[in-house]
Amino acid sequence: MNNQECKLDAGKLRLSLVPTGVITAIAKVRQWATENKYSDPNNWKEVETSRYIDAMFRHMVRFLDDPDGVDDETGLPHLYHLATNVAFLCDRAEKSEKKGTLPWNSQD
């Protein structure tokens, strides 16, 4: 019996392939937001998709202008905020794909 037969992992995502730095970066932004700005850690689910697209572009431009730059409000790198906005958009895309539509095709 090989390891696949014992563990039955065939076809499952190998999340260990994700660089931990991106997970840590997103966690830092989310933790700052929850502790300092928004009391509800799930409030991001109620925000319009277009606002995340705009925020993503703002942080991307700031990052491209100054790769070492930090957000004025949080003191965290723009790259971390960029990753967080991309994560929110990826979450929306994954859920929308299951319904057959993408979130940026809607009017929100």
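This is a predicted model: local features need pLDDT of at least 70, side-chain atom pairs count only at pLDDT 80 or more; totals for chains, interfaces and linings use all residues.
The protein has four helices and zero strands. From the N terminus on, the order of elements is α-α-α-α. The chain holds 108 residues, and 26% of them are buried. Among contacts between residues at least 6 apart in sequence, 60% join residues at least 24 apart.

Helix H2 covers residues 20-36. Its buried residues are Ala-25, Ile-26, Val-29, Arg-30 and Ala-33. Seen down the axis of H2, these residues fall within an arc of 125°, so they line one face of the helix. On the other side of H2, Thr-20 and Glu-35 are exposed. The buried residues of H2 pack against H4.

Gly-21 also belongs to helix H2.

Helix H3 covers residues 49-65. H3 has 17 residues and reaches 25 Å from its first C-alpha to its last. That length is close to the 24 Å expected at 1.5 Å a residue. Thr-49, Tyr-52, Ala-55, Met-56 and His-59 are buried in H3. Seen down the axis of H3, the buried residues fall within an arc of 120°, so they line one face of the helix. Exposed residues on the other side of H3 are Arg-51, Arg-58, Leu-64 and Asp-65. What covers the buried residues of H3 includes H4. Helix H4 itself covers residues 78-99.

The largest pocket has a volume of about 630 Å³. Its lining is made of 23 residues. Nearest the centre of this pocket lie Lys-37, Tyr-38, Ala-55, His-81 and Asn-85. Ala-55 is one of the buried residues of H3. Helices H2, H3 and H4 each supply at least two residues of the lining. The largest share, six residues, comes from H3. By residue class, the lining of the largest pocket divides into nine nonpolar, seven polar and seven charged residues.

The second largest pocket has a volume of about 200 Å³. Val-18, Val-22, Ile-23, Ile-26, Ala-27, Arg-30, Ala-83, Val-86, Ala-87, Phe-88 and Cys-90 line this pocket. The elements that give two or more residues to this lining are H2 and H4. The lining of the second largest pocket comprises 10 nonpolar residues, no polar residue and one charged residue. Ile-26 and Arg-30 are in the lining of the second largest pocket, and both are among the buried residues of H2.

Terms used: Residues are numbered from 1 along each chain as its sequence is written. Side-chain values use heavy atoms; hydrogens and water are left out. On a 1 Å grid over the protein atoms alone, a cavity is a set of points where a 1.4 Å probe fits but cannot get out, and a pocket is an open set with protein on both sides within 12 Å along at least five of seven lines; lining residues have an atom within 4 Å of a point. Grid points are joined across faces, edges and corners, and a volume is the space filled by probe spheres set on the points. Ala, Val, Leu, Ile, Met, Phe, Trp, Tyr, Cys and Pro count as nonpolar, Asp, Glu, Lys and Arg as charged, and the others, Gly among them, as polar. The expected span of a helix is 1.5 Å times one less than its number of residues. Buried means under 20% relative accessible area, exposed over 50%, partly exposed in between (1.4 Å probe, protein chains only). The arc is that of the directions from the helix axis to the C-beta atoms. Contact means heavy atoms within 4.5 Å.
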